[in-house]
Amino acid sequence: MALETWLIKVKSAISHRFDSVPIPKSFKKSAVGVLSFEIAGLMSKLFHLWQSLSDKNIIRLRNESISLEGVRKIISNDESFLLGLACAEMAENLRLLAKSVSRLSKRCEDGKLRRFEDLFDEFANVGRDSSSWVLSFKEMEVKNKKMDRYVTVTATLYKEMEELTTLENGLKKLLQNSENESAAKDQKIIDFQQKIFWQRQEVKYLKERSLWHRSFDGVVSMLVRSIFTVLARIKQVFGVGHGFPISLPRSLSASATVHPTEHSSNTFISGPLIKTTKEENIKDSANRFFDSNSKLLKPPETTLGAAALALHYANLIIVMEKMIKSPQLVGVDARDDLYSMLPNSIRSSLRSRLKGVGFSASDPMLAGEWRDALGRILGWLSPLAHNMIKWQNERSFEQQNLVAKTNVLLLQTLFFANKQKSEAAITELLVGLNYIWRFEREMTAKALFECANFMNIPQNSS
């Protein structure tokens, strides 16, 4: 009877979740609570976007990313257009972050924070920072370190809360199993209860250190200041508008600053290019900055992105890359699977290229020439394909995790690649693969035939 009463008390204690632990009065009114995980994700993305605008990364963008051979061959050799794409994608990423922060800002008590959406549009379109939210470079670095700590602790909190749930569910199952009551089971229950107690203490400690007990006003204030500063940095780096607040110093070196040229076949329009002098012009310029960038990110009809083939072709190229590296390991079934991946346009082109090609592929010199040619094509095409997969995976990955790692820009992928040029390169890979595959099979068959003949030669009797 005493044991039964004790078990009832244990059940009651376990069912009383840690979420009901009293919270200090200063946190009761507007603590972010479970939204801390979403907010940590936003902070992480903001931190990464700020890092991508550093001197080092902008120089890399200018000297490496837009200079990739594949980018120049099948996307564009217009530097201004490519820089415009980079600016547009960064601006679009920031717009999506601002949209999420705007939703959070509606919960704030501060009137200015609740008006974040309007104030942000005003700053984006006419460069007016009426709330002085733009931070200096040094202040932004300090703010980033603080947010990074919050992200780390909040991510740890998430894992520890999952562990707590696992322990509690385990104990509940143990308590519900009324069979085989013994001293060993009683001890197991006590061990579970002790683990849960210490796990709850760990969760409580992490909640106090993380975003969980922070107020909406405090958290949103950090986010909006960072967003304003990142936008100012984007405009500064890409030379958009030129009406930057004095509080953001030009720490960027001359070699790192990017200014798209005015003489470009692909017009790049962004930011307050026309000075607004009257109050009513603010309304007329609404969404000009972000709308113009969003339009630039829409792929032209001639691209793989517009045809929804960029990801499919990326997978196709990677499969061919593996086959070209080891053609002797490619079986007939794998070859048929590859052919089934081809769209009609490439199949038609391939049939035209293979017309009149003989069945024999026994020329070692020609096989070597094809290997060299395929290596050159893959040298510039393969990086775009791998970047396409990476770009896609990162965006799927970040939906389930707090930390976003968007290291690849769309201009480095197949998204804006010219469809006709891309298919011509893929067809060339297929023609070359066809030859070296047949060459390897013929050489293997010849070697087996010679080996069989050698084994059938009668041995001279001694």
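## Surface and overall make-up

The accessible surface of the protein comes to about 25100 Å², and 53% of that area belongs to carbon and sulfur atoms; accessible areas here come from the Shrake-Rupley method with a 1.4 Å probe, and for residues only the protein chains shown count as cover. The model is a predicted one, in which local features need pLDDT of at least 70 and side-chain atom pairs count only at pLDDT 80 or more, whereas totals for chains, interfaces and linings use all residues. Residues are numbered from 1 along each chain as its sequence is written, and side-chain values use heavy atoms, with hydrogens and water left out.

The protein has 18 helices and zero strands, where helices (H or I, at least four residues) and strands (E, at least two) are DSSP runs numbered from the N terminus. Of the 462 residues in the protein, 45% are buried, a word that stands for under 20% relative accessible area, while exposed stands for over 50% and partly exposed for the values in between (1.4 Å probe, protein chains only). Among contacts (heavy atoms within 4.5 Å) between residues at least 6 apart in sequence, 80% join residues at least 24 apart.

Helix H6 covers residues 79-105, and its 27 residues reach 38 Å from the first C-alpha to the last, close to the 39 Å expected at 1.5 Å a residue; the expected span is 1.5 Å times one less than the number of residues. H6 is mostly covered, with 20 of its 27 residues buried, and Cys 87 is buried with a relative accessible area of 0%.

The N-terminal end of H6 is capped by Asp 78, which has a side-chain oxygen 3.0 Å from the backbone nitrogen of Ser 80. The backbone nitrogen of Asp 78 in turn lies 3.0 Å from a polar atom of the side chain of Ser 76. Ser 76 sits in the loop between helix H5 (69-74) and H6, and counts as buried at 10% relative accessibility.

## Nonpolar cores

A nonpolar core is a set of buried Ala, Val, Leu, Ile, Met, Phe, Trp, Tyr and Cys residues joined through side-chain atoms within 4.5 Å. The largest one holds 111 residues, of which Met 43, Phe 238, Leu 381 and Leu 414 touch the most other members. H6 gives the largest share of this core, 14 residues. A second, separate core of 15 residues includes Val 153, Leu 157, Met 161 and Leu 171.

Leaving aside neighbours within four places in sequence, Met 43 is in contact with Met 147, Tyr 150, Val 151, Leu 211, Val 219, Met 222 and Leu 223.

Leu 311 belongs to helix H14 (residues 310-325) and is partly exposed, with a relative accessible area of 34%. Apart from neighbours within four places in sequence, Leu 311 is in contact with Met 388, Ile 389 and Gln 392. The C-alpha atoms of Leu 311 and His 386 are separated by 9.8 Å, although these residues are 75 residues apart along the chain.

Ala 308, in the loop between helix H13 (288-296) and H14, has a positive phi of about 60° although it is not a glycine, and at 67% relative accessibility Ala 308 counts as exposed.

Terms used:
Polar contact = N/O pair within 3.5 Å; in protein donor to acceptor, adjacent residues only side chain to side chain.
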